[in-house]
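Visitor: Please show me the model, and then take my questions on how its parts meet.

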Amino acid sequence: MAMITFRINRYNPDDERRGHYAQEYQLDVQKGTTLLDALNEIKWKQDGTLTFRRSCRSGICGSCAMTINGVNNLACETQVLGLGGSTITVEPMRGYPVIKDLVVSLDPLVRGILAVKPYMITHSPPPSDQERLQSPEEREKIDGLYECILCGSCTSSCPSFWADKEYIGPHAFLKAYRFVADSRDEGSAEHMEALDDRHGLWRCHTIFNCVEACPKDLNPTKAISELKKELVRRKLG
Amino acid sequence: MTNFDPETIHDVEGVPIHSVHRHDVVIVGAGLAGMRAAYEASSEFDVAVLSKVFPTRSHSGAAQGGIAASLANEEEDHWEWHMFDTVKGGDYLGDQDIIETLVKEAPIVVREFEHMGCPFSRTPEGRIAQRKFGGHTKDFGKGGPVLRACYAVDRTGHALLHTLYEQCIKNEVRFYPEFYALSLIVRDGVCRGLVAWDIINGGVHVFHAKTVMFGTGGYGKAFKITSNALANTGDGLSLVLRAGLPLEDMEFVQFHPTGLYKQGILVSEAVRGEGGYLLNKDGERFMERYAPEKMELAPRDLVARSIQTEINEGRGCGENGDYVHADLRHLGEEKIMKLLPQIHELAWKFLHVDCIREPIPIQPTAHYSMGGIPVDIDCQVLADGKEKPVKGFYAAGECSCVSVHGGNRLGTNSLLEASLFGRRAGKSIVRYLRESREFPELPADAAKDALAEVERILGASGTETVGAIREELQEKMMLECGIFRDAETLEKLAGELRELEKRFDKIGIDDRSEKFNYDLLEAIELGHMLDFSELIVAGALRREESRGAHSRTDHPDRDDKKWLKHTLAWKRDGRIEFDYKPVTITRFQPKERKY
């Protein structure tokens with residue numbers, strides 16, 4: 001057991017004048033307590049106005065991404081005592097408009113996703129009564145891409161996105177490459193159409209923040225460089 | 001209302017005109033059932049999907065192990081075998097005509113997912129890979145376990161959910177993310193739409209619709225230890241009850257044998273399917289005592305009871321003896337990291353256990369709701385629970401009871417049921433809309449109850465708290481209506497629930513604002529949980545037998561003479577009323593269930 005101070009960055013949309021402010025809560029924390037457990041405990045026993053998104057509790061839905069001691073992560077997967085220190089700072093993810101307390105708007109995420117035509121595009125009809133064939137080696141090429149949970153941690157950590165709100169974002173590039181790399185997909189040109197743009201791939205300056213921020217250990221920067229190569233190949237070819 | 005003109009938007013008392021929307025189809029829930037229906041119907045009609053969470057946050061995404069279909073990609077398999085296993089797994093309470101449809105259409109549904117781009121794992125020949133799961137067998141139970149669960153590593157639900165979201169984007173489905181359904185508009189046996197709360201901006205909205213479909217998920221959050229998401233509060237079921245409609249077989253709640261110790265988070269059955277052992281504190285593979293033939297690959301109800309018995313009889317692990325071990329060490333690092341990487345990640349992140357080197361502490365966890373909204377084979381909601389459909393109202397997936405799972409669901413049959421009946425609901429909505437071009441009349445007082453509920457809770461300033469009542473509800477349901485039940489504790493629990501309801505009338509909340517107010521939402525959700533929990537307990541008390549997941553220690557045997565029937569329950573003026581309907585038996589006569 002340890003008494004931990006949670007310093008939470010708050011914002012009440014009904015009180016614009018007050019703006020963003022920090023509020024501290026104390027909680028006795030046991031081994032095994034996740035940050036989400038702690039936030040729930042605070043909300044349920046101390047202050048019902050504290051607001052954050054949450055759902056699955058098991059790191060697969062992506063609801064509870066937030067900035068924890070300066071780093072984006074999922075609250076449900078973060079062990080409080082694993083963070084070390086007696087004060088933990090919790091903020092809404094950076095770069096997105098804040099709706100209330102730790103809740104941010106997901107609109108930029110969706111806008112980025114829509115830009116890359118985020119669905120498998122095929123022109124040849126599938127075999128009837130059978131699946132399309134894909135070898136295990138071909139299938140392996142989308143490992144590290146399809147696992148994205150759309151939590152938004154990567155794009156929120158990206159300085160290019162901070163400077164350009166129209167930037168499509170690493171999460172969407174990862175999605176685009178998930179299809180470009182899929183042996184079954186026949187629409188690479190369509191997925192990449194929006195990427196060759198000032199708000200697209202070329203705005204990535206390989207800072208690698210997105211890689212560090214991803215709670216699922218995925219590598220958007222790698223996907224981006226693959227897409228850049230593909231674009232160049234297409235231009236020269 | 002006499003001169004109703006379906007072409008113009010009508011006033012609804014208390015709701016601004018810009019908050020009245022109109023769609024051919026309004027679907028609540030963006031999990032596998034809801035989005036599969038949306039995908040189907042959006043090829044021809046204007047479809048809106050409301051969801052209390054952003055679509056890809058839906059709990060279908062947490063499913064891990066697979067989706068069942070007798071593709072026979074890896075070895076011989078037949079739909080007849082799948083049917084037998086599903087019937088037997090459900091302890092003969094499933095309706096066999098509908099189970100036959102489920103297993104026959106399963107290969108079509110799975111291959112369609114592949115055509116949509118779902119990243120299934122593959123066999124060396126490039127076909128969809130399949131693995132073993134509990135209760136799925138060869139040759140009508142006479143052979144060993146069969147490779148039937150089609151999988152995408154151990155993230156099958158996630159892969160399917162995101163694939164469907166992508167396809168819905170392609171079909172231009174209109175999403176209303178973070179809209180929370182408050183009430184159904186059903187008058188004179190016709191569903192006319194629903195009332196919902198805009199979580200982000202606040203405010204009551206009316207959705208006027210020709211058809212409404214529920215894919216609202218299960219009710220696991222009524223239990224303390226659960227694999228379910230915080231959002232799985234069974235709202236849809238209670239909304240149906242409040243609309244004067246019945247619920248079916250609510251007493252059947254599945255406890256998954258392997259929940260992560262304390263958190264209850266799902267540890268996929270693929271762990272057992274790929275060859276993991278269950279061990280007690282003496283390191284003994286105790287399933288030998290309970291299911292000598294199928295061992296760890298017996299169905300969930302049986303394995304959960306076995307684990308609980310080990311714990312109750314003092315053979316549990318740890319200081320408190322309240323868990324057992326799932327041991328994967330003999331599978332080796334390569335197999336674990338290739339086939340069960342998410343399990344490795346979960347055990348590490350939540351328990352700091354490296355399952356390559358240590359066994360995982362697990363305990364049974366409330367997992368799946370077999371009961372739900374009674375529907376027919378075309379997913380039409382039944383007003384009498386038997387044959388009379390509510391016009392324009394459909395349901396599919398975990399919130400519904402069609403009933404394919406009977407008293408106990410087999411692993412990988414839920415992703416199948418949700419997608420397959422979501423698809424059927426979509427098709428049946430399309431058929432209906434081709435015939436019915438007009439919007440039903442929208443009553444002016446359609447939002448009355450919803451407005452009153454929001455106003456009451458936003459103004460609630462009593463001394464009781466939502467958190468405390470909910471915690472007590474979840475603890476009591478787990479302890480007194482869990483894996484094992486008996487008349488005495490159930491009767492006690494029924495009284496305790498009435499007390500909790502009284503306390504719920506005296507709650508106070510902290511957050512009185514309209515924007516993103518989860519304090520308000522959690523209070524509404526608690527009201528729903530109290531509503532349907534009463535039905536679970538009352539149904540469990542009446543059913544004096546043990547069948548599937550419903551285990552009465554005071555009535556340990558299955559009683560086909562008296563109880564081979566479905567429970568139907570209504571809530572009328574605060575009182576629960578029961579009716580029953582027969583089970584449809586076609587190919588397989590009930591037999592003793594042994595594994």
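Visitor: Which residue of chain B forms a salt bridge with A:E131?

Guide: This is a predicted model, in which local features need pLDDT of at least 70, side-chain atom pairs count only at pLDDT 80 or more, and totals for chains, interfaces and linings use all residues. Residues are numbered from 1 along each chain as written, chains are lettered from A in the order written, and side-chain values use heavy atoms, without hydrogens and water. A salt bridge is a side-chain nitrogen of Lys or Arg within 4 Å of a carboxyl oxygen of Asp or Glu. With the closest N and O atoms 3.7 Å apart, the partner of A:E131 is B:R127.

Visitor: How many salt bridges are there between chain B and chain A?

Guide: Polar contacts are counted separately, as N or O pairs within 3.5 Å; within protein, one atom must be able to donate a hydrogen and the other to accept it, and residues adjacent in sequence count only if both atoms are side-chain atoms. That rule finds 39 residue pairs across the interface, both at pLDDT 80 or more. For salt bridges between chain B and chain A, the count is 11.

Visitor: Why does A:V232 count as partly exposed?

Guide: A:V232 lies in helix α9 of chain A, residues 220–236 (helices are DSSP runs of H or I, at least four residues, numbered from the N terminus). Buried means under 20% relative accessible area and exposed over 50%, with partly exposed in between (1.4 Å probe, protein chains only). A:V232 counts as partly exposed because its relative accessibility is 39%.

Notes. Helices (H or I, at least four residues) and strands (E, at least two) are DSSP runs, numbered from the N terminus.
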